[in-house]
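This briefing sets out the architecture of a single protein model. Please consult the sequence and the structure alongside the points below.

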Amino acid sequence: MTGRAGDAATAFLLARWRERLAERLPSSFLEQAERLPGTAGDAPAGVLWVPIGPEGVFGALWRLGELAGTGLRVELARIPVFQETIEICEILDLSPYRLLSSGCLWLEENGNWSGGTVIGHTEGGKARVVESPWGLRYLTKPPECPLELGGDSRLR
């Protein structure tokens with residue numbers, strides 16, 4: 001995986017909900033969040049890859065499994081995410097793993113890759129599983145991105 005979960009959405013959330021966030025987060029933290037990079041990186045030539053995009057990491061994992069025709073097993077703790085994104089999402093009751101992200105996911109067969117973070121592996125079958133300290137989660141087909149230009153009604 002290149003990029004970080006929710007990196008592209010963090011600036012949007014900060015701009016849209018700054019006053020609400022400022023009630024719980026120090027101004028220095030919000031200033032740092034404004035400077036977070038959001039860069040897609042480059043996928044190697046000749047490998048299967050998908051942009052993370054508006055459905056977030058979980059949506060991209062689903063699409064990657066569909067394209068590859070395989071199951072996936074991913075470790076939640078290995079998915080890169082900025083602490084600022086986590087804190088903002090916690091206050092706004094959102095998952096950083098379902099938000100617009102600028103990176104991409106790809107399958108690499110030979111293991112000779114150094115362009116990002118290895119977050120999991122393929123498995124037989126069709127199950128797309130995310131492991132966390134709280135147990136296993138099975139991914140389902142992604143819903144629409146929870147952020148719209150007018151803002152999520154849950155955040156009002």
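What is the mean pLDDT of the protein, and what percentage of its residues reach 70 or more? The model is a predicted one; its mean pLDDT is 81, and 79% of the residues reach 70 or more.

**Confidence**
- Over residues 148–156, pLDDT stays under 50.
- For residues 148–156, the model has 18 contacts beyond four places in sequence.

**Overall organisation**
- The protein has 156 residues, of which 42% are buried.
- Among contacts with a separation of 6 or more, 80% are between residues 24 or more positions apart.
- The accessible surface amounts to about 8600 Å², and carbon and sulfur atoms contribute 50% of it.

**The four-stranded sheet**
- Four strands form an open sheet with mixed pairing, in the order β4-β2-β5-β6.
- Strands β4 (120–123) and β6 (135–138) are the edge strands, each pairing on one side only.
- From one strand to the next, the twist averages 20°.
- Strands β2 (residues 71–75) and β4 run antiparallel and are joined by four bridges.
- Val74 has Gly120, in β4, as its bridge partner.

**Helix packing on the sheet**
- Helix α3 (residues 56–68) lies across β2, β5 (128–132) and β6.
- Relative to β5, helix α3 runs at about 140°.

Methods
Residues are numbered from 1 along each chain as its sequence is written. This is a predicted model: local features need pLDDT of at least 70, side-chain atom pairs count only at pLDDT 80 or more; totals for chains, interfaces and linings use all residues. Side-chain values use heavy atoms; hydrogens and water are left out. Two strands pair if DSSP finds at least two bridges between them. Helices (H or I, at least four residues) and strands (E, at least two) are DSSP runs, numbered from the N terminus. Axes are lines fitted to C-alpha atoms, for helices over the stretch in contact, and angles run from 0 to 180 degrees between N-to-C directions. Contact means heavy atoms within 4.5 Å. pLDDT is the predictor's confidence in each residue, from 0 to 100. Buried means under 20% relative accessible area, exposed over 50%, partly exposed in between (1.4 Å probe, protein chains only). Accessible areas come from the Shrake-Rupley method with a 1.4 Å probe; for residues, only the protein chains shown count as cover.
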